[in-house]
Amino acid sequence: MALSNFDSLRWFLPETILALGVLVVLGVDLLARGSSRFTAGAIALTTLAASFIALASTSGGPATGLFGGLVARDAFADFWKVLFLTVTALEDHTGMLLQPG
C-alpha cells in the first residue's frame, strides 16, 4: 500500500526531525559567537533523542510505501534506523566527553 505525499508526512517524522536538527546545529554554529562543541553536541543528542521517540511512536505498523512508494517503511527499515540512531548517539556522546572545549 502506497501513501500519498500528505499521508506520508506522519510516518516520515523521524527523518524530518533529523533534517531540522542538522539545520539547527549548523545555524547555531554559524550565528553564535564562541559556540562550543558541547553546545553542538547537546543539540545533536537532543535531536537524536527526539527522532528516536518519533520513530518509536510510529513503528509497529504494516509495511507501507511512503510518498507514492518511493520510500519503504517497514520493520527492516526501522531496525536500521534504530541501529544508526544508537551508534550516532554513542559516538556523539563519547566525542563530547573526550574533546575539550
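What percentage of the 101 residues in the chain is buried? The points below take up this question and others.

1. Basis of the model. The model is predicted: local features need pLDDT of at least 70, side-chain atom pairs count only at pLDDT 80 or more, and totals for chains, interfaces and linings use all residues. Residues are numbered from 1 along each chain as its sequence is written, and side-chain values use heavy atoms, with hydrogens and water left out.

2. Burial. Buried residues account for 22% of the 101 residues; buried means under 20% relative accessible area, with a 1.4 Å probe and protein chains only.

3. Elements. The chain holds four helices and two strands, in the order α-α-α-β-β-α from the N terminus. Helices (H or I, at least four residues) and strands (E, at least two) are DSSP runs, numbered from the N terminus.

4. Extent and contacts. The C-alpha trace spans about 50 × 25 × 20 Å along its principal axes. Of the contacts (heavy atoms within 4.5 Å) with a separation of 6 or more, 71% join residues 24 or more positions apart.

5. Gly65. This residue lies in strand β1, residues 64–66. Gly65 is buried, with a relative accessible area of 13%. Leaving aside residues up to four places away in sequence, Gly65 touches Met1, Ala2, Leu3 and Val71. The C-alpha atoms of Gly65 and Ser4 are separated by 9.0 Å, although these residues are 61 residues apart along the chain.

Methods: Buried means under 20% relative accessible area, exposed over 50%, partly exposed in between (1.4 Å probe, protein chains only).
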